[in-house]
Amino acid sequence: MAEKKDRWIVKNLVAATVYVAALLIIAAVGLNLITRHGKTVMAPDFTNLTVREAQRLASESQVQVKVVDSVFVRRLAGGVVYRQQPKAGAEVKKGRSIFLTINSVVPRKVVMPNLYGYSVSEARAELQNRGLDLGKLSYVKDIATNTVLAQSCEGREVKAGALVVSGSNIDLKVGVSSDENSTTVPRLIGMKYVRAVDALHDRYLNAGRVRFDEDVRTYADSMNAVVYKQDAQGERKPLGSSVNLYLTLDPAKLPAE
């Protein structure tokens with residue numbers, strides 16, 4: 001009788017263990033389906049594609065695209081993608097929406113924001129929200145380190161509230177202390193021009209001389225060309241330094257990883 005009871009207890013313990021394990025597996029699978037944990041893809045590069053082409057590429061890459069803004073770049077074809085967020089190469093969940101800024105067919109003007117006192121990253125985000133681009137960063141010694149001290153467009157100070165053409169480059173003068181005045185030059189190989197400039201700005205650097213191969217003949221070509229050589233990769237440089245870039249349409253020129 002005792003032996004029967006022991007077998008019954010063991011059998012029920014095993015059944016309970018199996019039941020709990022099954023519940024845990026079901027919960028894990030369900031949570032994985034809900035959160036899509038581990039199911040990520042690389043955001044493709046939509047630069048210089050039409051909206052229809054971008055939608056096709058998005059479908060193939062298991063993401064979505066949404067046009068949220070427009071700028072006007074004179075030399076770029078109307079209706080093509082100028083910028084995207086998240087950036088090309090970023091890891092995103094499947095089905096994630098990539099937000100696109102397209103080049104307008106006709107120029108439009110936007111209100112210049114007041115960037116005084118902003119950090120560089122805050123200023124760039126505000127500029128992009130207004131359809132403007134961060135231009136050259138210049139640094140001067142100041143106790144207000146990493147703070148915008150002046151804003152200009154095409155060499156002239158531009159005041160908050162002024163109307164500027166969408167897509168214009170806004171140059172910033174930024175304060176820097178003597179003990180926080182250098183940064184590391186990132187690897188830019190394989191990046192298109194716009195993405196490479198963004199990567200430099202992330203490190204408080206500027207694009208210097210930009211040299212295109214002879215096969216780059218049009219502005220559209222220049223938007224599709226990728227960096228195959230750069231200066232000072234991995235070196236420490238003063239904030240605001242310029243990095244020279246060399247771009248090509250020929251993938252054979254890209255160095256081996």
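Me: What share of the contacts with a separation of 6 or more is between residues 24 or more positions apart?
Reply: A contact means heavy atoms within 4.5 Å. The model is predicted, so that local features need pLDDT of at least 70 and side-chain atom pairs count only at pLDDT 80 or more, whereas totals for chains, interfaces and linings use all residues. Residues are numbered from 1 along each chain as its sequence is written, and side-chain values use heavy atoms, with hydrogens and water left out. Among contacts with a separation of 6 or more, the share from residues 24 or more positions apart is 73%.

Me: How many helices and strands does the protein have?
Reply: Helices (H or I, at least four residues) and strands (E, at least two) are DSSP runs, numbered from the N terminus. By that rule, the secondary structure comes to five helices and 16 strands.

Me: Which element gives the most residues to the lining of the largest pocket?
Reply: On a 1 Å grid over the protein atoms alone, a pocket is an open set of points where a 1.4 Å probe fits, with protein on both sides within 12 Å along at least five of seven lines, and lining residues have an atom within 4 Å of a point. The largest pocket is lined by 33 residues, with Arg75, Tyr82, Asp133, Gly167 and Asn169 nearest its centre. Elements that give two or more residues to this lining include S7, S11 and helix H4 (193-202). The most, five residues, come from H4.

Me: Which element gives the most to the lining of the second largest pocket?
Reply: This pocket is lined by 14 residues, of which Val68, Arg83, Gln85, Thr101 and Gln128 lie nearest its centre. Two or more residues each come from strand S2 (64-71), S3, strand S5 (97-103) and H3. With four residues, the element that gives the most is S3.

Me: Is Gln84 buried or exposed?
Reply: Gln84 is found in strand S3. A polar atom of the Gln84 side chain lies 2.9 Å from the backbone oxygen of Pro44 and 3.2 Å from that of Pro86. Gln84 also touches residues including Phe46, Ile98 and Leu100. With a relative accessible area of 8%, Gln84 is buried.

Me: Is the peptide bond from Gln85 to Pro86 cis or trans?
Reply: Pro86 is found in the loop between S3 and strand S4 (91-93). With omega near 0°, the bond from Gln85 to Pro86 is cis.

Me: What is the relative accessible area of Asn48?
Reply: Asn48 is in the loop between strand S1 (40-42) and helix H2 (51-60). Phi of Asn48 is near 70°, a positive value in a residue other than glycine. Asn48 counts as buried, because its relative accessible area is 13%.

Conventions. Buried means under 20% relative accessible area, exposed over 50%, partly exposed in between (1.4 Å probe, protein chains only). A polar contact is a pair of N or O atoms within 3.5 Å; within protein, one must be able to donate a hydrogen and the other to accept it, and residues adjacent in sequence count only if both atoms are side-chain atoms. Lists of a residue's contacts leave out its neighbours within four places in sequence.
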